[in-house]
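User: I would like to see how the labels used for a protein model follow from their definitions. Can we go through some of them one at a time?

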Amino acid sequence: MRKILLVLVICLPFVQASAQESNRDIKTGFRGGFLNSRISTLENDSKQSFYFGLQMPIKYGTFFTLQPEVVYNKRGAKNIEIAGVTENQISESHKVDLTVGYVDFTAISKLTYDRYNVHLGPGLAVLVHSSDKKAGIMEVTVNFGAGIQLSSNMGIEGRCIIGSGDISISNQENKTTGSISFQLGTYYNF
């Protein structure tokens with residue numbers, strides 16, 4: 001993950017410099033905040049965590065902005081009920097917690113009116129660590145939300161991220177499932 005962030009920090013100024021020649025308003029910035037997530041198809045409780053990352057809003061006119069992002073999300077769930085069978089063929093269940101860390105590569109389309117904006121875009125979440133060795137490698141995500149611009153460089157936003165992929169838990173059969181996460185945070189552009 002450090003290598004990815006280092007490459008982005010090195011490359012973003014060059015991308016910004018070349019884009020300024022094309023009369024598009026391009027900035028770079030940081031975003032981060034609170035994250036609440038759970039696994040959508042299993043019985044579990046939500047897990048609270050954080051997210052942080054880089055963004056590069058590219059403004060096309062007054063109303064539309066394309067915003068590529070690379071964001072680290074620490075997702076998961078608590079009290080996931082795992083069914084199992086003991087050596088004596090007795091059915092029993094127990095609860096486990098799951099923590100997964102993803103780097104999300106997202107392309108957000110922002111529609112802006114006055115200080116308010118609406119977000120929608122696809123993403124790809126790549127697993128970088130997990131508390132369970134059988135966790136899936138990636139998720140395809142759909143992101144939507146809204147935000148308020150507080151100043152020319154800073155704002156607050158809320159998003160919902162719906163992911164679909166292989167989130168397998170130990171001793172459970174492999175199946176395609178997904179996650180749902182809610183983000184509430186702030187951003188700052190340079």
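User: Where in the chain is Asn73, and why is Asn73 called buried or exposed?
Analyst: In this predicted model, Asn73 lies in strand β5, residues 64-85. Its relative accessible area is 0%. Buried means under 20%, so Asn73 is called buried.

User: What makes the pair Asn73 and Asp104 a polar contact?
Analyst: The side chains of Asn73 and Asp104 are joined at 2.8 Å. The cut-off for such a pair of N or O atoms is within 3.5 Å, so the pair is a polar contact. Asp104 is also among the residues that Asn73 touches, as are Leu35, Phe50 and Gln183.

User: How do you know that Asn117 is buried?
Analyst: Asn117, found in strand β7 (residues 116-130), has a relative accessible area of 4%. The limit is under 20%, so Asn117 is buried.

User: Which side chain makes a polar contact with that of Asn117?
Analyst: The side chain of His119 does, at 2.6 Å. The limit is within 3.5 Å, so the label applies. Asn117 also touches other residues, including Thr112, Gln149 and Tyr187.

User: Which residues lie nearest the centre of the largest pocket?
Analyst: They are Lys59, Thr65, Thr112, Gln149 and Asn189, out of 17 lining residues. β4 (58-60), β5, β6 (91-113) and β10 (176-189) each give two or more residues to the lining. The pocket's volume is about 300 Å³.

User: How many lining residues of that pocket are nonpolar, polar and charged?
Analyst: Three are nonpolar, eight polar and six charged. Lys counts as charged, so Lys59, one of the lining residues, is in the charged group.

Note on methods: Residues are numbered from 1 along each chain as its sequence is written. This is a predicted model: local features need pLDDT of at least 70, side-chain atom pairs count only at pLDDT 80 or more; totals for chains, interfaces and linings use all residues. Side-chain values use heavy atoms; hydrogens and water are left out. Helices (H or I, at least four residues) and strands (E, at least two) are DSSP runs, numbered from the N terminus. Buried means under 20% relative accessible area, exposed over 50%, partly exposed in between (1.4 Å probe, protein chains only). A polar contact is a pair of N or O atoms within 3.5 Å; within protein, one must be able to donate a hydrogen and the other to accept it, and residues adjacent in sequence count only if both atoms are side-chain atoms. Contact means heavy atoms within 4.5 Å. On a 1 Å grid over the protein atoms alone, a cavity is a set of points where a 1.4 Å probe fits but cannot get out, and a pocket is an open set with protein on both sides within 12 Å along at least five of seven lines; lining residues have an atom within 4 Å of a point. Grid points are joined across faces, edges and corners, and a volume is the space filled by probe spheres set on the points. Lists of a residue's contacts leave out its neighbours within four places in sequence.
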